[in-house]
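Please work through each task with the sequence and the model at hand before reading the solution.

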Amino acid sequence: MDKLSKLKALLLSFVLVFQAGAPAAQNSQPVVRFEEIAAKAGMRVQHHTHTFHGKNADVLHMFTSGGAAVAVGDYDNDGFEDIFITDSDTGKPNHLFHNNGNFTFTDVAAKAGVAGGNDPLSVVSDALWFDYDNDGKLDLLIARFGTPILYHNEGNGKFKDVTATSGLNKFGNSIAVIAFDYDNDGYLDLLFGNYFKPVNLLDLKDPHVLPNDLDNATNGGGVTLWRNTGKGSFEEVTQKAGLANVTGWVLDVGHGDLNNDGLQDIYIACDYGTDHVFLNNGNGTFREITEKATGWDTKKGMNVDVADYDNDGWMDIYVTNITDEYMKECNMLWHNNADGTFTDVSRETGTCDTGWGWAAKFADFDNDGWQDLFVVNGLRSAGPESYVPLILPVITTPGLDITDPGNWPDIGNRTWSGYQKKRLFRNLANGTFKEISAEAGVDNQFDGRGIGIGDFDNDGRLDMVQTNADQPLLLFHNVSERTGNWIELKLIGTKSNRDAIGARVKVAAGGITQIREVDGGNGYAGQSTRRVHFGLGGATTINHIEIRWPSGRVESVTVPVNKISYIEEGRGVVPR
């Protein structure tokens, strides 16, 4: 950043520190509390990382342990959010949990035809619901170390594999995928984040597959952008769109309108190699603004979530990194300065240290009008011995080829940054957060990966799914007391894409104005509900609701408080 941007960053830090001493906006805080009910709900399933064989198989096992993912979406349009859960070992099935409407779930993956994907040469790594053909039914994409799988929703509880005709035939070691309409033509496009370079890890010809530099790697998989043709297929436009120069080990990708121009921009988080910020030019291309916006970094970007955490009308970005006994990186909470630059305020806001961070999601869990933040962490929890004393001499030895797993020491039953407590940060409405995971009942020590947020019982309180590597998933029912009022809006595009991904909703109530955007899978290994949820605190009436659709249409609507409302572009509130 230039001198002026650095001065702005310094002034903002002073303001946040000053605000930290101010009282929170709410005099009577709600009690945030979750109850873990996966077993009772019928969802107690365990993830399995792919099992490699031969020398240093456990090193490759660790590098591919990120595929425990969750995707939330109402695939059968019955008004209740369903949950898709991935597995990653050969022959292990994925899970499609149908919501029975009473906070129990039934696994219908095999019956629906979506349980497969972990074949002898492919590893399932992520999943995404999106309506690619605008027929009103959510389709399902499975990202893999291999080629993806696209399932078309047939509307009868079953899905059809249409991968062969989709055009999605390029091999890639994809670990993340989002759907968004980057060119605003009314059809959802796909951006894949790729971890390893495009070589098949299950049929490895050359062992030199690990990062060539732990800070500035250039041998990762980068990203691939696929444009929806509107005819049931996709075409790759990575080079044409200006994204081909990303060479890092991408762990997550996220989108949002960062400069309030009505176009969806992107942030790319790289585990090895710098993160990237791209603005949408509005003509099918992107321009990189990383140097000006955030500066180049050497951290281990793991997550991208985009939200206006301070209700100033500009979308901010939260990226997890590694903060443990030997890497003191700190997360990045990029505050949007509204001038094309961002300031990292993670230390000032109290959201810096979350251990070995993975997924993180903003959501208003207590309905006070301010978005809170949940973060999962932990790399590998195993035996009492630590792997760190063995690996440190290797990664700090000049000239040693660390791209070959054979040069890494055996992990065995050792722990590496494991047994870490999860973090739940309550937004204090003054520019800072307070860590409350223990009192909220979410401070588990599992090796977390993904987070899926949704109101699974339609009671206006947001619930959570936490996926874990080689461990059972956790389902957290929000049983918080004294929460505020709320609204939830399910947007239906007509001229815009049917899912309304990229739509922005502005709500003025109770003396504050909030914005939300419908996102297509932001957050590592986790897709949350596409309903936009607003906590209203003590407000019983809403002053104004404005929707800016991806098509550019702007509409005002009126909806009841403490209800789920369906809104169709051009028609307003409609029956479900």
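**Exercise 1.** How many nonpolar, polar and charged residues does the lining of the largest cavity have?

*Solution.* The model is a predicted one, and a search of the whole structure finds four cavities of 30 Å³ or more. About 390 Å³ of space lies in the largest cavity, and of the 26 residues that line this cavity, Phe362, Gln371, Arg516, Glu517 and Asp519 are the closest to its centre. Sorted by class, the lining has ten nonpolar, seven polar and nine charged residues. As for the elements behind the lining, at least two residues each are supplied by strand E14 (249-256), strand E18 (305-307), strand E22 (357-363), strand E31 (512-517) and strand E33 (532-537).

**Exercise 2.** Which residues line the second largest cavity, and how do they divide by class?

*Solution.* The space in the second largest cavity comes to about 70 Å³. The residues that line this cavity are Gly73, Asp74, Glu81, Lys490, Arg530, Arg531 and Tyr566. By class, five of the lining residues are charged, while one is nonpolar and one is polar.

**Exercise 3.** Describe the largest pocket by its volume, its lining and the elements that contribute to that lining.

*Solution.* The largest pocket has a volume of about 440 Å³. Of the 27 residues that line the largest pocket, those closest to its centre are Asp271, Tyr272, Ile322, Trp356 and Trp416. When the lining is divided by class, 21 residues are nonpolar, three are polar and three are charged. Helix H3 (57-63), strand E15 (265-272) and helix H9 (388-395) each supply at least two residues of this lining.

**Exercise 4.** Which element gives the largest share of the lining of the second largest pocket?

*Solution.* About 330 Å³ of space lies in the second largest pocket, and of the 17 residues that line this pocket, Asn77, Gly136, Lys490, Ile492 and Arg498 are the closest to its centre. Two or more residues of the lining come from strand E29 (485-492) and from strand E36 (564-568). The largest share, three residues, belongs to E29. By class, the lining of the second largest pocket divides into five nonpolar, three polar and nine charged residues.

**Exercise 5.** Is glutamate 555 buried or exposed, and with which residue does glutamate 555 form a salt bridge?

*Solution.* Glutamate 555 has a relative accessibility of 11% and therefore counts as buried, the cut-off being under 20%. Its salt-bridge partner is arginine 553, with the closest N and O atoms 3.2 Å apart; arginine 553, at 43% relative accessibility, counts as partly exposed.

**Exercise 6.** How far apart are the closest N and O atoms in the salt bridge of aspartate 459 with arginine 461?

*Solution.* The closest N and O atoms of aspartate 459 and arginine 461 are 2.9 Å apart. Aspartate 459 has a relative accessible area of 23% and is partly exposed, and arginine 461, at 22%, also counts as partly exposed.

Definitions and conventions
Residues are numbered from 1 along each chain as its sequence is written. This is a predicted model: local features need pLDDT of at least 70, side-chain atom pairs count only at pLDDT 80 or more; totals for chains, interfaces and linings use all residues. Side-chain values use heavy atoms; hydrogens and water are left out. On a 1 Å grid over the protein atoms alone, a cavity is a set of points where a 1.4 Å probe fits but cannot get out, and a pocket is an open set with protein on both sides within 12 Å along at least five of seven lines; lining residues have an atom within 4 Å of a point. Grid points are joined across faces, edges and corners, and a volume is the space filled by probe spheres set on the points. Helices (H or I, at least four residues) and strands (E, at least two) are DSSP runs, numbered from the N terminus. Ala, Val, Leu, Ile, Met, Phe, Trp, Tyr, Cys and Pro count as nonpolar, Asp, Glu, Lys and Arg as charged, and the others, Gly among them, as polar. A salt bridge is a side-chain nitrogen of Lys or Arg within 4 Å of a carboxyl oxygen of Asp or Glu. Buried means under 20% relative accessible area, exposed over 50%, partly exposed in between (1.4 Å probe, protein chains only).
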